[in-house]
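Hi everyone, thanks for coming.

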Amino acid sequence: MTEPRQVYLDNNATCRVSPAVVEAMLPFFGELYGNPSSMHSFGGRVAEHVTRAREQVAALLNASPEEIVFTSCGTESDNHAIRGTLEANPEKKHIVTTKVEHPAVLNVFRFLAKRKGYHVTELGVNKQGDLNLDELRAELTPDTALLSVMAANNETGTLFPIDEIGAIAREKGVVFHTDAVQAAGKIPLDLKKLPVDLLSISGHKLHTPKGIGALYIRKGTRISPFMIGGHQEHGRRAGTENVPYIIGFGKACEEAMNGIFEENNQVRKLRDKLESGLMSQIKHTYINGNPRWRLPNTTNIGFEFIEGEAILLHLSAAGIAASSGSACTSGSLEPSHVLMAMEVPFTYAHGSVRFSLSRYTTEEEIDYTLAAVPPIIQRLRDMSPFYDPNK
Ligand SMILES: *Cc1c(COP(=O)(O)O)cnc(C)c1O
């Protein structure tokens, strides 16, 4: 019998803080306490480190440092991108997004429709979670102020072709924002090549502590500031900088950039091992999302005839942390909005579980999970009124 242990497979929710990130941050809780806006040496020294961190974040995206605005999180970056663009382009009243965005985008669009009178288009996806680009193109009109389409889906890992989508937006003269919170550090993003105007990232999905993000604003993009006050961040986001977290974010981006190929190959191998191991051992299982075109660290598996919440509870009892991906963790009878938009069949939409790995996931942990999950699924199916063991 394997020892009881903890296996963390919920890295798309948040992930372990890198020790190198903590180490980089520590001096800024100590002797490096100056305000980077101050003229004296206390400020100047800190300002140099903030400059360096901005360069590190920009390097991960192949952007210019002046195009990076530090924010408090991915949600703020998304809000700034969307609401700042609309405020700067008040004559346009139509905005376009997809049904499978993170709530940090989707709920902003829904708020704008309900409270601010915007005409909102939410593009649907097919059963694999892919968009129809002809449909997308047809929705963009001279009245469209903004198109916001995520780079990688947090629940299924499905990647959207933001290069093609951005090209369509350019052709139609529409500002293009992408929520790249899950994509950054997991797939290469080159903003010198990608036709993207605004891009959101978040530190804690990249091994920083929670509470730091950034918004990439392409030079020349019309956007209002999100916070008004001092001249920090070139007046685009006032408020004294969260220096230790900015420094940590820079370090995390540097680590992600240095490891992007090697680490992601290792993560992909473990993800594939987990996925194929579960699929081959357990009947009536399905992969949600596009199995060829997705993040290397994510698998979303539907187990037919049982409830995702029940699976998660039993996994948790076995020390395994995963997620059902649904926004509402309890009391909701609906599966996640992403799986609903994909019209995942009812019989396994409810029994879907997201496993998301990181560079800290080990082969031993995957082996442990592969041994623990099949008997859990079997026990739950034995209790399920929908399950026929003879099928
Ligand atoms: C986590 C996440 C966010 C929100 O980022 P926070 O830093 O937690 O606010 C936005 N979009 C996606 C795709 C995410 O996965």
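One definition to start: helices (H or I, at least four residues) and strands (E, at least two) are DSSP runs, numbered from the N terminus. What you see is a predicted model, where local features need pLDDT of at least 70, side-chain atom pairs count only at pLDDT 80 or more, and totals for chains, interfaces and linings use all residues. Residues are numbered from 1 along each chain as its sequence is written, and side-chain values use heavy atoms, with hydrogens and water left out.

With that in hand, find H234, in the loop between β8 (213–217) and α7 (243–281). H234 is not a glycine, yet its phi is positive, about 55°. Is H234 buried or exposed? Buried means under 20% relative accessible area, exposed over 50%, and partly exposed in between, with a 1.4 Å probe and protein chains only. At 64% relative accessibility, H234 counts as exposed.

Now move along to F305, in the loop between β10 (298–303) and α8 (308–317). F305 also has a positive phi, near 75°, and is a residue other than glycine. Here the relative accessible area is 14%, so F305 is buried.

E304 sits in the loop between β10 and α8 too, and E304 is buried as well, at 11% relative accessible area. What does E304 touch, leaving aside its neighbours within four places in sequence? Taking contact as heavy atoms within 4.5 Å, E304 meets H284, Y286, T347, Y348 and R381. With Y286, the side chain of E304 makes a polar contact of 3.3 Å. A polar contact is a pair of N or O atoms within 3.5 Å; within protein, one must be able to donate a hydrogen and the other to accept it, and residues adjacent in sequence count only if both atoms are side-chain atoms. K283 is 21 residues from E304 along the chain, and their C-alpha atoms are separated by 8.6 Å.

Let's turn to the ligand.

Which side chains reach oxygen atoms of the ligand? An N or O atom in the T75 side chain is 2.6 Å from one, a polar side-chain atom of S202 lies 2.6 Å from one, and for an N or O atom in the side chain of H204 the distance is 2.8 Å. Taken alone, the ligand exposes 380 Å², and the protein buries 90% of that; such areas come from the Shrake-Rupley method with a 1.4 Å probe, and for residues only the protein chains shown count as cover.

Finally, step back to the whole chain. It has eleven helices and twelve strands. Its C-alpha trace spans about 75 × 50 × 35 Å along the principal axes. Of its 391 residues, 57% count as buried. Among contacts between residues at least 6 apart in sequence, 75% join residues at least 24 apart. The chain exposes about 17,300 Å², with carbon and sulfur atoms supplying 55% of it.
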